[in-house]
Amino acid sequence: MKKNGFDLRREKKMKNIEAATLELLNQKDISNITMDEIAKNAGVSKVTLFNYYNTKENLMNTTIQNFLASVQEEYERLVESDLPFEQTYIELSQYKMKKVQSMTAIFFHNVMQQYTNDPTFFDKDAQEKSDQLLLSLLHKGRKEGKINPAYSDEVLVMFMHIFTEGLKSKAINSDFLMNYGAQISQMFLNGLR
């Protein structure tokens, strides 16, 4: 169905609002961000914010969830591409590193704060979708002979969760990952063989 002019303007305003909100979430603690500030930065009225999002909480959650959804869409695009498994994994790793570097510690704190306030913020379906995407990638690697067929899907997913959690360690900073990311990725890929 074709969108009319009103829907297109609304969609554009919402994108501007969420971009302004994301920028503020990357700069300030969520408790210090005001709807007035978001409205000013987005170039809309405060009334518009409340018409579209009802509450500050809803705006924050929607902005964060849409940001994460855009990251997930790029992952899907890469996994479903015609790139070979190893190149796909490297592209995913590089994309993730760029995204992590573009976000500040304050942003991640804000995300965790939202999750703490609402445990349903990251729903079970999102984790399952993420795991299915991971399995698609691993099946691609298995089909190309890059992953040992003796490893079960369950073990591979658990291994990936452990690997990912390890990379989130405070002992590993983003400079280290940028300098040694390619070597870490190669070691990881060699381990899957």
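This is a predicted model: local features need pLDDT of at least 70, side-chain atom pairs count only at pLDDT 80 or more; totals for chains, interfaces and linings use all residues.
1. Helix α4, residues 56–79, packs against helix α5, residues 85–102. Their axes come within 9 Å and cross at roughly 160°. That angle makes α4 roughly antiparallel to α5, since angles over 145 degrees count as such. The crossing of α4 past α5 is right-handed.

2. On the α4 side, the contact with α5 is made by F67, S70, V71, E74, Y75, L78 and V79. On the α5 side, the residues are T88, E91, L92, Y95, K96 and K99. Sorted by class, the residues of this contact comprise seven nonpolar, two polar and four charged.

3. Helix α4 also packs against helix α6, residues 105–117. Here the angle is about 115°, and the axes lie 11 Å apart. The crossing of α4 and α6 is left-handed, whereas α4 passes α5 in a right-handed crossing.

4. From α4, the residues E57, M60, N61, I64 and F67 take part in the contact with α6. Their partners in α6 are F107, V111 and Q114. By class, this contact has five nonpolar residues, two polar residues and one charged residue. F67 deserves a remark: this residue is listed in the contact of α4 with α5 and in the contact of α4 with α6.

5. Three aromatic pairs are present in the structure. One of them joins F67 and F107 in an edge-to-face arrangement, with 5.5 Å from centre to centre and 75° between the planes. F67 belongs to helix α4 and F107 to helix α6, so this pair ties together parts that are 40 residues apart in sequence.

6. What is the burial state of F67 and of F107? F67 has a relative accessible area of 11% and is therefore buried, as the cut-off for burial is under 20%. F107 also counts as buried, because its relative accessibility is 1%.

7. F107 forms a further edge-to-face pair with F108, again with 5.5 Å between centres and 75° between planes. F108 has 38% relative accessibility and therefore counts as partly exposed. Together, F67, F107 and F108 make up one aromatic cluster.

Conventions:
Residues are numbered from 1 along each chain as its sequence is written. Side-chain values use heavy atoms; hydrogens and water are left out. Axes are lines fitted to C-alpha atoms, for helices over the stretch in contact, and angles run from 0 to 180 degrees between N-to-C directions. Helices (H or I, at least four residues) and strands (E, at least two) are DSSP runs, numbered from the N terminus. Angles under 35 degrees count as roughly parallel, over 145 as roughly antiparallel, 65 to 115 as roughly perpendicular and the rest as oblique. A crossing is left-handed if the near helix is turned anticlockwise from the far one by less than a right angle, and right-handed if clockwise. Contact means heavy atoms within 4.5 Å. Ala, Val, Leu, Ile, Met, Phe, Trp, Tyr, Cys and Pro count as nonpolar, Asp, Glu, Lys and Arg as charged, and the others, Gly among them, as polar. Rings of Phe, Tyr and Trp (its six-membered ring) pair if their centres lie within 6.5 Å; planes under 30 degrees apart count as stacked, over 60 as edge-to-face and the rest as tilted. Buried means under 20% relative accessible area, exposed over 50%, partly exposed in between (1.4 Å probe, protein chains only).
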